[in-house]
Amino acid sequence: MKYVNHEEVAAKTKTRLTKNTLLKGVFAAATGFGLIVLAILLYRIVTQGSDYLSFEFFTSFASRIPENSGIKAAILGSVYLMLVVAPVSMFLGVGTAIYLEEYAKRNRFTNFIKVNISNLAGVPSVVFGLLGLTIFVRYFDLGISILAAGLTMSLLILPIIIVASQEAIRAVPNELREASFAMGATRWQTILRVVLPASIPGILTGSILALSRAIGETAPLVVIGIPTILMFTPDGIMSTFTALPMQIFDWTKRPQVEFHDVAAAGIIVLMGLLIIMNSIAVFIRNKYQKRY
Amino acid sequence: MTTIVKPEVKTAEKETVKKNKSSVYKTEQLNLWYGSNHALKNIDLDIKENEVTAIIGPSGCGKSTYIKTLNRMIETIPSVKTSGVINYRDKNIFDKEYQVEELRTKVGMVFQKPNPFPKSIYDNIAYGPRIHGIKNKKILDQIVEKSLRGAAIWDEVKDRLSENAYGLSGGQQQRICIARCLAIEPDVILMDEPTSALDPISTLKVEELVQDLKKDYSIIIVTHNMQQAARISDKTAFFLNGEVVEFDETDKIFSNPSDERTEDYISGRFG
């Protein structure tokens, strides 16, 4: 008794193959949709903004006249912002991930924390802006400063860094930890010499991607109320400042059409920065990736 | 002729050493539970120094659990509870004041699967001394060479100490792990089925190594392979369902066991 009727199977082969080809087309179209939208966006921004993209654009401050408008204050503001966000968010994020994965006992409470960190990553950035305004700007009286905005941004990207670092730490095989413990190493020595070297590519990649989110984020800055027209560069972390996305946002709001082109030039600069940061992340991942 | 002479020499050797031997590990009424699963039941074992003690038994009999209790590595599993006493050199390792890190610098361990660090061969061997605070490059160089020679792998790797240990074969990796364990100059070496992931030739090398190391170290080895236990050990403990059925001279266990279950197991009737 045979259960497989090969004639019937042969008869159905054609429909199965057609289905396969059809679906391949559908999935290709789905990919194509995103690519086309991205291409249109890039094309429009480049054609609009390239006229304004000159050396002066990088060296001048914002102005009422489109031709004289520059992005100097915004670029320096964003760089200063990153100087606060990067160390604060990475120290807190990696520290939290190390505690949760290596030190904390596995119980309901730590599970609860872990689940909620992932939930925090989904909280809208406006909410983090309100939090920053209430706590850092008002309560701690930091004012509309780089420090206040930097701490707010750090909170915003903290969950992303924690989750990425947790995953990187969890990917380190347990046998390596055991080998270290079995030689009398303390937990910290094991973390420093075994766990971190093996997980640093993942941690850095996640952190840089999180930082590039922070550099493009606008809503929290709007809520905190940082200015957009600034005729000086920041002189410290307590100074007020403006940032790239904020400046772009302001230009797009202006009634004069020319300013929209200036905004496009600003977007090119911002995207250039993002591409650089993401390339660094890819470079680090490829360079330090280790096989187990 | 030779077949008669050999065992005579062996026993003579044993008797001369026997008198001076003191215990490294004295286990008294050890019980261990994984949650509600009673994995080790009233274990009493007296393990002497400079001997190879083999622990045999079928899967799930508690032999790996027991060896991991000896350096308290079992505590990495959160649900584990223990009662009883394990005296290492006359001190109970379960005492609250007992520093587990200190115990593990004296009791090295070789695992079932070779687990070198994804570092250079040199850094693998120097890992233990470094965590114990040795920074002097010359001393580290000497430790690395001595340990690699001790693990009979120096000639194979001396020209590529800076290469990643992951590039070595499985058998070489396991001997690197043994060398790494020797680098902390332990008193006891615990081996948890060290050859189960290796091919026969690498297994032979590790077995020869164990025979060699016996002069300077006390070795406790868990093995699935009864021929291996018979070949390399001085004493053998047979574990079954979390209990020690029999613990005696290896020759006696394999030629004239006193318990029927031991005989059934070593003659291959089960397990």
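Me: How many residues of chain A are in contact with chain B, and how many of chain B with chain A?
Reply: In this predicted model, 16 residues of chain A are in contact with 20 residues of chain B.

Me: Which elements of chain A give two or more residues to that side?
Reply: Two helices of chain A do: H7 (174-181) and H8 (187-216).

Me: And which one gives the largest share?
Reply: H7(A), with 5 residues.

Me: What about the classes on the chain A side?
Reply: The side of chain A that touches chain B has 8 nonpolar residues, 5 charged and 3 polar.

Me: Switching to annotation. What does UniProt list for residues 75-281 of chain A?
Reply: The record, an unreviewed entry, has "domain: ABC transmembrane type-1" there.

Me: How much helix and strand is in that span, and how far apart are its ends?
Reply: Residues 75-281 of chain A are 78% helix and 0% strand. The end C-alpha atoms lie 21 Å apart.

Me: Now chain B. How many helices and strands?
Reply: Chain B has 11 helices and 10 strands.

Me: What radius of gyration does chain B have, against a compact globule?
Reply: Chain B has 19 Å. A compact globule of 271 residues would be near 18 Å, so the two agree.

Me: What box do its C-alpha atoms fill?
Reply: Along the principal axes, the C-alpha atoms of chain B fill roughly 55 × 55 × 35 Å.

Me: What percentage of chain B counts as buried?
Reply: 44% of its 271 residues.

Me: And what share of the contacts in chain B links residues 24 or more positions apart?
Reply: Such pairs account for 68% of the chain B contacts with a separation of 6 or more.

Key: Residues are numbered from 1 along each chain as its sequence is written. Chains are lettered from A and ligands numbered from 1 in the order in which they are written. This is a predicted model: local features need pLDDT of at least 70, side-chain atom pairs count only at pLDDT 80 or more; totals for chains, interfaces and linings use all residues. UniProt positions are given in the numbering used here, feature names are shortened, and annotations may be inferred rather than shown by experiment. Helices (H or I, at least four residues) and strands (E, at least two) are DSSP runs, numbered from the N terminus. The radius of gyration is taken over C-alpha atoms; the globule rule is 2.2 Å times the number of residues to the power 0.38. A residue is buried if 20 or more other C-beta atoms lie within 10 Å of its own, exposed if 12 or fewer, and partly exposed in between; C-beta atoms are placed from the backbone. Two residues are in contact if their C-beta atoms, placed from the backbone, lie within 7 Å. Ala, Val, Leu, Ile, Met, Phe, Trp, Tyr, Cys and Pro count as nonpolar, Asp, Glu, Lys and Arg as charged, and the others, Gly among them, as polar.
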